[in-house]
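Please look through the sequence and the model below before reading the notes that come after them.

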Amino acid sequence: MKKIITPGRIFCLVMALACLIVGMTGRISGNGNDMLINKHKTGIGALNQETPASQRFTAAQDGLCAVEVMFSNYQKKIRSGTLTLTLEDETGKVVGSQTFNAADYKNNSFITMQLPAPVAGSAGKQFVLKATSDCTEQKGVTLRCGPSEGRDSAAVLVKPDGTQETENCLYLRTTYRTSKVNRMSVMTGILFALCFAVCIPMAGTKEGKRRA
C-alpha cells in the first residue's frame, strides 16, 4: 500500500513543527538593579562643558539597559541650562548619550538615561559615565556622591576640576534587562510536537483504506 499524503497528515506535520519552534523560542525576561553606593553625602562640584566629570564602574549583570544618577541644583531654582550624560564601554565606544533640561529636575532627584538597547555580556565589564553641563545660572548643577565602601574596586571618580579619587563614587544606580530560555515552554513544546508527530501516520489511515 502506498503511503498517502493527506490534509490530515500535513496538518499534524505543520502543528508538530510549530509546537517545536514555539517551545524552543520561549524565553523569560526580567529586570535587575544595582547601586554603586548606598548613600550620598555631598556634590562633586559644579559641572561644566570643558572638563567632563566621570565615574568608572563595573556592571554587575548582563543586559545593562539604564543608568541613573542623583542630580543637585544646590537647592536653587534653575530656569535654563542642560545636563548631558554619556556612557562609554571599556573600549571607549559610546553606548548611550542623552541631554536633559536642568529645569525639569528637583534637587536630589534621579536622572535616568535609558540605553538604546541592552548591552549583551555586560557583566563584569567596566563602563565610564561622563557628565557635562552648560548651566551657569545660580551655582550651576552637580551630581551627588558618597563613600565608595569598597564595593567596586575598579571604581574611579573624576570631578569637574579634574581631580581623581576612589574614596567616593557617584550615587549611581544601574538597571539590567535579562532574558533566558523558559524550560517549561521548551518541554511543553517538545511534548506537543511529539503528540502531533505520532498522529501523522494515523491521520490518513481511513482515507488510505478507502483508496486501496
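The model is predicted. Six strands form an open antiparallel sheet, in the order 6-5-8-3-10-11, and its edges are strand 6 and strand 11 (164–165), each of which pairs on one side only.

**Strand 5 and its partners**

- Strand 5 (residues 82–88) pairs with strand 6 (residues 94–101) in the antiparallel sense over seven bridges, and within this arrangement Thr 86 stands opposite Ser 97 of strand 6.
- The hairpin made by strand 5 and strand 6 has five residues between the strands, and Gly 92 there takes a positive phi near 95°.
- Strand 5 also pairs with strand 8 (residues 126–133), again in the antiparallel sense, over six bridges, and the bridge partner of Glu 88 in strand 8 is Val 128.

**The largest nonpolar core**

- The largest nonpolar core has 37 residues, of which Leu 83, Leu 85, Leu 87 and Leu 129 touch the most other members, while strand 4 (residues 64–72) gives the most to this core, with five residues.
- When residues up to four places away in sequence are not counted, the contacts of Leu 87 include Phe 57, Leu 64, Val 67, Met 113, Leu 115, Phe 127 and Leu 129.

**Thr 178**

- Although Thr 178 and Ala 120 are 58 residues apart in sequence, their C-alpha atoms are 9.2 Å apart in space.

Terms used:
Residues numbered from 1 in each chain as written. Predicted model: local features only at pLDDT ≥ 70, side-chain atom pairs only at ≥ 80, totals over all residues. Heavy atoms only, no water. Core = buried A, V, L, I, M, F, W, Y, C linked by side-chain atoms within 4.5 Å. Buried < 20%, exposed > 50% of the residue type's maximum accessible area, 1.4 Å probe, protein only. Helix = DSSP H or I, 4+ residues; strand = E, 2+ residues; numbered from the N terminus. Contact = heavy atoms within 4.5 Å. Pairing = 2+ DSSP bridges.
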